[in-house]
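Reader: Hi! Could you walk me through this one with me?

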Amino acid sequence: MRPHAILFFFLTLNALGAAAGPGNPAEAPTLIPTRMLTVPEGFEVTVWARSPQLFNPTNIDVDAQGRVWVMEGVNYRKQAQPEGDRVVILEDTDGDGRADKSSVFVQEPVLNAPLGIAVIDNQVFISNAPDLIVYTDIDRDGKFDGRIDRREVLATGFNGRGHDHGLHSVTFGPDSWLYFNQGNTGALFTDRSTRTFRVGSVYDPRPTGNLPTFYWQPIDLAGAKSDDGHVYVGGFAVRMKPDGTAAEIIGHNFRNSYEQTVTSFGDMFQNDNDDTIGCRTAFLMEYGSAGFFSRDGTRGWNADRRPGQSIPTSEWRQEDPGVMPSGDVYGAGSPTGIAFNEGDALGKKWRGLLLSCEAGRNVVFGYLPKPDGAGYALERFAFLTSNREERFAGINRHPASSTLATSFRPSDVAVGPDGAIYVADWFDPKIGGNGQLDPGSNGAIYRIVPVGFKSIIPRLNLETVEGQIEALKSPAVNVRALGYRRLRDQGNAAIAPVAALLEDENPYLRARAIWLLAELGPEGRSRAESQLRSTDPLLRITAFR
């Protein structure tokens, strides 16, 4: 873009009321008026928080108290804050449906536009390439204090410091393991079982602003075997025990999947961006290859494109053996956060709703996945959008626009313990491309709920079995860990209350019970294995897993 054009957009943003920078006490920016946001009939969208309560949200999570934790990326492609990026906690203390308290959990110089946050009990996982950092809030006061609390690097060796294609967020799985992924900037990491994984490709992140981290680049690892005997290339997904042991790669050869969501059945969905017009939302077949690079990672898809092949077919190698289905390929874009709703607070029609943020298209896509052969059929619709006309602006070769409709950039979506949907907006006329145009690093959190919704956040007494079961039933994925771990620690004493969930009307709760019963000794395992004879194929596959 020409310099005078960039200046025009800066001036336009200032005219709209954008603050001059993070922490500026000036009046909050205009951002996107809720009247411009379209949601399905029967829903309403409200502003839950906005700058200066938060800035440049890269990722969010919602804890058991209904607090929204925000990972900020103010230092994206710049050093606006030498003291580093922040983890901010937003809270609605008076129950009026809007955050009125903002506090900082941690800020460190090493935090450079991290791409992920997960709050699992009193542990806060930050995905900050090259490290997966865990902050344990020992005194549970919501503020990291190095004299009391604990900070450790759970895993390291992920390339892409300060890069969009680096390390992405952690999710608590229904099996109690941790799930996360890495973009195609490459990785050379060793888990705490001392197994080393080497993942490379022909992708070179240096021209796009990758900050030097290691002596190697992705091409140096292309075709290298990992200690498990397999060759992995491109972006990849990992499943790992919470203590950092027993890591395994459960999918690879992505371009840059921003996040993953794991259902209670154990199914995993992700989105992935592209080189041209091949962005997609997909079911991740376990141990599958998405096909973006050649099998040894030394060639991109375009080098192997055959005559007559469309770009989406070639880009995801849909006519090559050993490649998983590409899912819903919708064209150019910039997919970001993803979430799956298993609760009924939105109405039973929306149980099983997959939500995928598409920042390039100013929309949060919705899907209601239906089993289809070895995967799922994904029929897309707009769940939340500011851009009904679907105008492209500020992405790929499309110049940025001064209109608010194309400045809504949903970076993440999460389901709260009250069942509400929370969407983070990285407000900017431009998306990705190694920069931003909003000088104020402004952002917002929107809440989507049914009209007339009353937010009820359960008060969990985790000293009781009833409270632990309530936590396990939470619609907020990482809150479930509070119940799962405490029930597992009880062993046989937890079998009866957990087995009672096998009769629940909600199949996702039945699935959670299967995973947990399998860890409750011989009797619990027998109860789990009995579901191999279930009439529901999704429960049968859960028991098999």
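Reader: In β11, what is the bridge partner of T171?
Author: T171 has Y179 as its bridge partner in β11. By the way, this is a predicted model, where local features need pLDDT of at least 70, side-chain atom pairs count only at pLDDT 80 or more, and totals for chains, interfaces and linings use all residues. Residues are numbered from 1 along each chain as its sequence is written, and side-chain values use heavy atoms, with hydrogens and water left out.

Reader: Thanks! How many bridges join β10 to β11?
Author: There are 2, and the two strands run antiparallel, with β11 covering residues 178-182. Strands here are DSSP runs of E, at least two residues, and helices are runs of H or I, at least four, numbered from the N terminus.

Reader: And what is the strand order in the open sheet?
Author: The order is β10-β11-β15-β16-β20, with mixed pairing; two strands pair if DSSP finds at least two bridges between them. The edge strands, β10 (171-172) and β20 (288-289), each pair on one side only.

Reader: Switching topic: is D328 buried or exposed?
Author: D328 is buried, because its relative accessible area is 10% (buried means under 20%, exposed over 50%, partly exposed in between, using a 1.4 Å probe and protein chains only). D328 sits in strand β21, residues 328-331.

Reader: Nice. Which side chain makes a polar contact of 2.7 Å with that of D328?
Author: That is R380. The side chain of Y367 also makes a polar contact with the D328 side chain, at 2.6 Å. A polar contact is a pair of N or O atoms within 3.5 Å; within protein, one must be able to donate a hydrogen and the other to accept it, and residues adjacent in sequence count only if both atoms are side-chain atoms.
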